[in-house]
Amino acid sequence: MANDDRVGSRDVEPKGFLAKTLMKLYVPSVLSGMKKTMEYMIRPKATLQYPEVKRVTRKGYRGEHRLKQDEQGRMKCVACFMCQTACPAECIEITAGPSPWPDRDKAPVQFRIDMMKCIYCGMCEEACPCDAIELTETYTQVSTSREEKIYDINRLLSN
Amino acid sequence: MAMQRPTRLPMEVEEQTEGDLGSKRMIVNFGPQHPATHGTLRAIMELEGEIIRSMDLEIGYLHSGFEKISEHRTYNQTVTVSDRMNYLSPLCNNVGLSCAIEKMMGITVTPRCAAIRVVLYELSRVADHILSVGLQAMDLGAFSVMLWAFIEREKLYDIFEAVTGARLTTSYTRVGGVMRDVPADFIPMVKAFIDAGRKTTREMEGMLNTNRIFVDRCKGVNWISKEDAISYGLTGPMLRACGVPHDLRRLQPYLGYEKLKFDVITEPGGDVWARYRVRVREIYESLDIIEQVLADFPEGPVNVDMPEVIIPTKTALNNPGGGMEGLIYHFKNYMFGHGMKPAAGEVYMGTEAPNGELGYFLVSDGTQKPWRWRVRGPSFYNYQAFPQMCLGQSLSDVVSGLSSLNIIAGELDR
C-alpha cells in the first residue's frame, strides 16, 4: 500500500541553487511555520478546560472499584478471597464471616481496598467468580488524608 | 561522511587556578535533573572549551526493582510490571512479555489475538516514534512540533483506553490471549487515526526537513560508525540509522509478521539526522502494516482454548449446565500452588520494540512464579554507546544526541 505523496519516500534534500539558497535564508521556513501556526489556531481545540469540562471515559475504563449488589439488595460477594489472591499489588484485604443469608456460607465482614496501592489493572474483576466486584468509570479521587484512601466495605458498596 | 572515529581520553581532573580559565579541562555534570534528559540520567563530561573530551555515564537514578518485583508475582501478574517500564509504549512491553511466556509454554495464540496484538504493537510504535520526533524537535527549539505530536498521541491513547481500559498502564495481554476482545468500533477508530496520523506526520516532516536550524543541528552530529554500533549492541532505529537492515520482525518473525509486507527502513548516515529520518519513515511503514492487518482482520475467538491457562468466560461460569468444570478451572487458575506452571527451563524472546530489541529472559523452576525475570531493555544498550558518539562534539550537541537516542529511563534502570 504505497503512498507516493508521502515526504518520507523522497529525498528530502533541497535540490538546485535557488532552493538551497532559500533554505539558507530561513525566510520560507519561517513563513510556512507561521502559516501552520495560523492553521492550528482556527482548528478545534485539543484541550479541555478540565474542572468545568470533564472527559467522558469509554465504557470499560478501569477506575474506582464497586462492590455489586443483587436484585434484593444483598451484596454479591461470598468472601472467596479470589480477588485478594489475584491482586498483583496486594491491596485487597477481606475479613470473612458467616453469611446472614441461607443460600451461601460466607460473606465479607470487612472488605478493604487501599486505593493508594491499587494499580487499577482490573485483575480482581477478572478473578471474581460471582461478578461481585467491578471497576467503575470514576477516575477522579480526592481525599485529604491517607485514611480516606483506604476504602471500606460501605464505601465500596455505595460507589 | 568522512568522519574520524574519536578516541577516548582518560578522564582526569586538573586543578584550575584563577587566571588560566579555558586552558584547563573542566568537569560538567549533565543531569540527573535536566529538562533534556527526559528522565533521570547523569552524564559527567570533561570539556576542553566547548568540546567534549571524555564522558562518563551514571545510571540507576530511576531503579525501581521491576525484575525483583516480578519474581514475586505469578506469570500473568507480571504484565502489570512490564507496562511500567517503557512508559512511551507500554503495549509493546505487554506483548513482548506474553510472547515470551507463550514461547516457554509452547502456546500458539489465535489469529484474532495475533492481529489485535500486531495492530496495538504498531500503534504503540507510532506513538513512541511520533513523540520521540516531537521531543527531538522540542530539544532543538521547535516546541510546536512536540505539541502536534502530543495531539496525535492523545488520539492513540483514546484508542488504547477504549481497548484496554487504561491510557498508560494498559496491562492488556494475558498468557494465551488478551484481557478482553476489542470493542466493536475498533477498526473504524484505528482507520480514522491512520489518516490523521499520516497527515500530522507529513506536517511535522514538512516543518522540520527544510528547517535550517534543525537540519544543521542534526546532520553529522553524534555520529557513530556501523562497526561501533554493532559492537555496542545497538538495535532498532539506532542501528538502522547506521545502514544495517536489522529488524527482528523480519529476521525472527513472530505474531504473523512474516505474512505482512513491509520494508526495513535504513538510512546510511549514522547521525542524529539519520535517526530522525528512520523514525519518521517507520511511522508511515507502521501505519501501512496496520492497514494490511485491518484489511483482513480475523474473526473468531481471541483466547486459546486452554482452561489451564486462560480463565473460562464468565458466561460459561455462570451457566448451570456446564459451569462446574469451568468453576474448578477458574479457581485452579488463581489458587496458590495450582495455577499456570511452565515446565522448568528458560526462554529468551526478543521483539522489535520502538527503541530496539526488547528481550525477555525468563527462567522457570516449575512453580507459578518466575525464578528469574530479566529484561533486555534497548535503552540500556543505546545509552552505553552515548559517550562514543559525543567525543569531539560540542556541548550543545549532547542535547540533540540524547533526544535522538530516545532513552526511557524506566526501562534503562528497570
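**A walk through chains A and B**

Start at A:D131, which sits in the loop of chain A between α4 and β4 (133–135). Helices (H or I, at least four residues) and strands (E, at least two) are DSSP runs, numbered from the N terminus. The model is predicted: local features need pLDDT of at least 70, side-chain atom pairs count only at pLDDT 80 or more, and totals for chains, interfaces and linings use all residues. Residues are numbered from 1 along each chain as its sequence is written, while chains are lettered from A and ligands numbered from 1 in the order in which they are written.

A:D131 is not a glycine, yet its phi is positive, about 60°. Most residues other than glycine have a negative phi. A:D131 counts as partly exposed because it has 14 C-beta neighbours inside 10 Å. The scale is simple: a residue is buried if 20 or more other C-beta atoms lie within 10 Å of its own, exposed if 12 or fewer, and partly exposed in between, with C-beta atoms placed from the backbone.

A:Y120 also has a positive phi without being a glycine, at about 55°. Its place is the loop between β3 and α4 of chain A. A:Y120 has 20 C-beta neighbours inside 10 Å, so it counts as buried.

Move on to helix α4 (residues 123–127) of chain A, where A:A127 lies. A:A127 is buried because 21 other C-beta atoms lie within 10 Å. Contact here means C-beta atoms, placed from the backbone, within 7 Å of each other. Leaving aside residues up to four places away in sequence, A:A127 touches A:M82, A:C83, A:A86 and, from chain B, B:Y334. A:F81 is 46 residues from A:A127 along the chain, but their C-alpha atoms are separated by 9.6 Å.

Chain A has an open sheet of three strands, ordered β2-β3-β5, with antiparallel pairing. β2 (92–98) and β5 (150–151) of chain A each have a single partner strand, so one side of each lacks a neighbour in the sheet. Two strands pair if DSSP finds at least two bridges between them. Seven bridges link β2(A) to strand β3 (residues 106–114) of chain A. In one of them, A:T95 partners A:Q110 of β3(A).

Now step back. Chain A is divided into domain 1 (14–42) and domain 2 (65–158), with bounds from an automatic or database domain assignment. The C-alpha centres of these domains lie 59 Å apart. After α1(A) comes A:Y26, with a positive phi near 75°.

Chain B has an open antiparallel sheet of three strands, in the order β6-β7-β8. Its edge strands are β6 (345–353) and β8 (372–376). Strand β7 (residues 356–364) of chain B joins β8(B) through five bridges. B:G359 has B:R376 of β8(B) as its bridge partner.

Last, look at two helices of chain B. α4 (residues 111–139) and α6 (residues 186–209) pack at about 25°, with axes 12 Å apart. Axes are lines fitted to C-alpha atoms, for helices over the stretch in contact, and angles run from 0 to 180 degrees between N-to-C directions. α4(B) is therefore roughly parallel to α6(B); angles under 35 degrees count as roughly parallel, over 145 as roughly antiparallel, 65 to 115 as roughly perpendicular and the rest as oblique. The contact includes B:V126 and B:I130 of α4(B), and B:G197 and B:T201 of α6(B).

Definitions and conventions. Two residues are in contact if their C-beta atoms, placed from the backbone, lie within 7 Å.
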